[in-house]
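Subject: Handing over a structure, with notes

Dear colleague,

I am passing a structure on to you, and I would be glad if you could look through it alongside the notes in this message.

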Amino acid sequence: MYRFFENRNFEENTDLKEETIHHLKNVIRVEDGEEFQVVFDDGIFSFAYFNGKIKKIGKVKKNNESKVHLSLFFGVLKNNKSEDVLRHATEIGVSDFYPVLMDRSVSDISKKKEKKKERYQKIVESAAKQSRRDIIPMVHDIIKSEDILNFDGDLVLCYEDEKRTQLGEIIPKLSNKIGLVIGPEGGISNRELEILKDVKKVGLGSRILRAETAAIVTSFYIIHAKECE
């Protein structure tokens with residue numbers, strides 16, 4: 001079943017956004033009587049087209065969101081890899097995103113931050129629709145490494161040279177508000193390690209993962225493990 005988002009209360013108003021109507025009629029070509037869902041600020045509702053008109057079916061009570069609030073801090077990656085992280089991590093259930101310009105980030109987007117943020121937010125919205133999320137995760141302003149410490153939950157840094165503590169060991173000790181930090185292609189610099197010296201550092205096993213792989217699989221592992229507690 002398809003899901004869309006409206007930035008307003010429902011209030012029995014079935015006039016959906018032009019973009020949504022276009023998608024229903026011309027992209028998925030919804031059939032008469034076929035149900036779809038729309039997320040409003042005051043709830044999620046099911047609708048269907050009947051004789052060319054949108055009719056409300058009822059309110060959706062099922063909650064698809066996780067009890068775990070995972071914020072993903074990821075070093076900005078080159079090419080389209082940042083977009084892959086945003087897309088797949090949204091499907092997994094990440095709550096919000098902090099793109100970070102880190103010392104070893106190959107891609108320099110400092111002069112086009114706003115355009116990149118807009119692009120990132122559109123990718124997240126599309127993924128939220130596809131994965132039937134109850135919210136559209138927020139993509140925050142692009143930040144620097146120092147700003148990560150402003151997070152007020154449990155911070156976890158994945159670091160390839162960490163041998164003493166593995167991710168699975170610390171998950172039971174974490175709260176349900178977690179900030180996951182993943183470096184860029186070149187990894188975390190010594191300067192950044194010093195900045196993040198008080199953050200929980202964990203390894204991900206003996207094999208070296210690409211940055212985008214680490215962001216996606218670690219997000220899933222944390223959310224799934226906490227949900228199963």
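The notes below go from the whole protein to single residues.

Please keep in mind from the start that this is a predicted model, and that the values here are computed from it.

Overall picture

The protein has 229 residues, of which 47% count as buried, and its secondary structure comes to 6 helices and 11 strands. Taken along the principal axes, the C-alpha atoms fill a box of roughly 65 × 45 × 30 Å. If you look at contacts in the protein with a separation of 6 or more, you will find that 72% of them are between residues 24 or more positions apart.

Salt bridges

The structure holds 16 salt bridges, and I describe some of them here. In one of them, Glu 83 is paired with Arg 119, with 3.2 Å between the closest N and O atoms. Because Glu 83 lies in helix α2 and Arg 119 in helix α3, this pair ties together parts that are 36 residues apart in sequence. Glu 83 is buried, with a relative accessible area of 8%, whereas Arg 119 counts as partly exposed at 42% relative accessibility.

A further salt bridge is formed by the side chains of Asp 152 and Lys 177, at 2.7 Å from N to O. This pair links distant parts of the chain, 25 residues apart, since Asp 152 sits in the loop between β8 (143-144) and β9 (154-158) and Lys 177 in strand β10 (residues 177-182). Asp 152 is exposed, its relative accessible area being 60%, while Lys 177 is partly exposed at 32% relative accessibility.

The side chains of Lys 197 and Glu 194 also meet in a salt bridge, with an N to O distance of 3.4 Å, and Glu 194 is partly exposed, with a relative accessible area of 48%. Finally, Glu 19, Glu 125 and Lys 129 are linked in a network of salt bridges.

Backbone angles to look at

Most residues other than glycine have a negative phi, and two residues in this model are worth a look with that in mind. Asn 79, which is not a glycine, has a positive phi near 55 degrees; Asn 79 lies in the loop between β5 (69-75) and α2 (81-92) and is exposed, with a relative accessible area of 61%. Arg 132, likewise not a glycine, has a positive phi of about 60 degrees. Arg 132 is placed in the loop between α3 (113-130) and β7 (138-139), and at 34% relative accessibility Arg 132 counts as partly exposed.

With kind regards

Note on methods. Residues are numbered from 1 along each chain as its sequence is written. This is a predicted model: local features need pLDDT of at least 70, side-chain atom pairs count only at pLDDT 80 or more; totals for chains, interfaces and linings use all residues. Side-chain values use heavy atoms; hydrogens and water are left out. Helices (H or I, at least four residues) and strands (E, at least two) are DSSP runs, numbered from the N terminus. Buried means under 20% relative accessible area, exposed over 50%, partly exposed in between (1.4 Å probe, protein chains only). Contact means heavy atoms within 4.5 Å. A salt bridge is a side-chain nitrogen of Lys or Arg within 4 Å of a carboxyl oxygen of Asp or Glu.
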